[in-house]
Amino acid sequence: MSHHSVSGMTDDAPRFERFSRMVQDSIGVQLPASKKVMVESRLRRRITELGLRSVDEYFRHLFDNGGLTNELDSIFDAVTTNKTDFFREAEHFIHLTERIIPARLSRRQATGRSSMFKVWSAAASTGAEAYTAAMVLADRESRRGAFEWRILGTDINRKVLVEAKRAVYSDMIVQPVPTGFRERFLMRGQGQQKGNWRVIPDLRRRVNFQKMNLMDNHYPVDRDLDVIFLRNVLIYFSEADQARVINQLSGHLAHHGHLIVGHAEGMVVRHPSLRQVGPAVYRKEQ
């Protein structure tokens, strides 16, 4: 019996390694053996949907029976983590409010350019980061006068993008939103939506979401961005992929545009044209 369980483990180990190598090559996310149990539990629902009996059978379906191409989106949805909160790592939004926005807007006034203020939430998940930035920008408008701004949110995960576009969040999720912001920028659900909130249309129409893979060699995104958020994603990437992604992102920043990464990722950003100006906040100098 014990012999059987040991051989059972070694049996699908190469398949899991092949699976995790495919995921890393495709979307950058590393899945070490320590995550095997978590990954398998996340795949379980999909395995049942396909009428398969086990993870091993699923891996066979992918690698031996030509099922991989049709399964990629489901796999990426299953293995990407989607922790996201409004005003997460709040000091970044203080930095945005007090330093970045005033500096970028006064620079526009000085040059007489009235170009759009552009923010990219590059791992948008269910949209809380993008809508937090939208609240900050809309609040600035209400205090200091209107200006043009747009926000793009991208993610590899289709399911979270559907939620981001809907922009409906539970009481618990909107808790970190300051009361004043909640009253101005969120609508309280009625009837069946009781206990939920929805981002107001005026903010929703200025935030766009689309599917995008950070491992792609080309990003279909403007190259004059004021702010890029890429927080708490690079920690899942190998060093080589981290460097490659940061290099590509820097090419999409305007001169003196800012890249904001997660607090745990500050040491990851080593790029000749990016200078640290705050906790996990970098400004493009060249």
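# A guided tour of the chain

Helices (H or I, at least four residues) and strands (E, at least two) are DSSP runs, numbered from the N terminus. The model is a predicted one, in which local features need pLDDT of at least 70 and side-chain atom pairs count only at pLDDT 80 or more, while totals for chains, interfaces and linings use all residues. Residues are numbered from 1 along each chain as its sequence is written, and side-chain values use heavy atoms, with hydrogens and water left out.

**The chain as a whole**

Keep all residues selected. The C-alpha trace spans about 75 × 55 × 30 Å along its principal axes. Of the 286 residues, 50% are buried, where buried means under 20% relative accessible area, exposed means over 50%, and partly exposed lies in between (1.4 Å probe, protein chains only). The chain has an accessible surface of about 14500 Å², and carbon and sulfur atoms hold 50% of that surface; accessible areas come from the Shrake-Rupley method with a 1.4 Å probe, and for residues only the protein chains shown count as cover. Among contacts (heavy atoms within 4.5 Å) with a separation of 6 or more, 71% are between residues 24 or more positions apart.

Next, select the seven strands that form an open sheet in the order 6-2-1-7-8-10-9, with mixed pairing. Two strands pair if DSSP finds at least two bridges between them. Strand 6 (207-211) and strand 9 stand at the edges with a single partner strand each, so one side of each has no neighbour in the sheet. From one strand to the next, the twist averages 20°; axes are lines fitted to C-alpha atoms, for helices over the stretch in contact, and angles run from 0 to 180 degrees between N-to-C directions.

Zoom in on strand 10 (residues 281-284), which is joined to strand 8 (residues 253-261) by three bridges in an antiparallel arrangement. Here Leu259 is opposite Tyr282 of strand 10. Strand 9 (residues 274-278) also runs antiparallel to strand 10, with four bridges between them. Display Gln276, whose bridge partner in strand 10 is Tyr282, and then Arg275, which stands opposite Arg283 in strand 10. Two residues lie between the strands in the hairpin of strand 9 and strand 10, where Ala280 takes a positive phi near 65°.

Helix 5 lies across strand 1 (117-121), strand 7 (225-230), strand 8, strand 9 and strand 10, and runs at about 175° to strand 8.

Turn to the open sheet of three strands, ordered 3-5-4 and paired antiparallel. Its edges are strand 3 (168-170) and strand 4 (186-188); each has a single partner strand, so one side of each is left without a neighbour in the sheet. The twist here averages 35° from one strand to the next. Strand 4 and strand 5 (residues 196-199) run antiparallel and are joined by three bridges. Within this pairing, Leu186 has Val199 of strand 5 as its bridge partner. Select helix 7 (residues 158-166) as well: helix 7 packs on the sheet, touches strand 3 and strand 5, and has a direction at about 95° to that of strand 3.

**Aromatic rings**

Finally, display the side chains of Phe, Tyr and Trp. The whole structure holds 13 aromatic pairs. Rings (for Trp, its six-membered ring) pair if their centres lie within 6.5 Å; planes under 30 degrees apart count as stacked, over 60 as edge-to-face and the rest as tilted.

Tyr58 and Phe59 form a tilted pair, at 6.4 Å centre to centre and 40° between the planes. Tyr58 counts as buried, at 0% relative accessibility, and Phe59 is also buried at 0%. Both residues belong to an aromatic cluster made up of Phe16, Phe19, Tyr58, Phe59 and Phe63. A charge sits over a ring if NZ of Lys or CZ of Arg is within 6 Å of the ring centre and within 35 degrees of the ring normal.

Move to helix 9 (residues 179-185), where Phe181 and Phe185 are four residues apart and thus separated by about one helical turn. Phe181 is buried at 14% relative accessibility, and Phe185 is buried at 5%. The tour ends at Arg182, which lies over the face of Trp197 at 5.8 Å from the ring centre.
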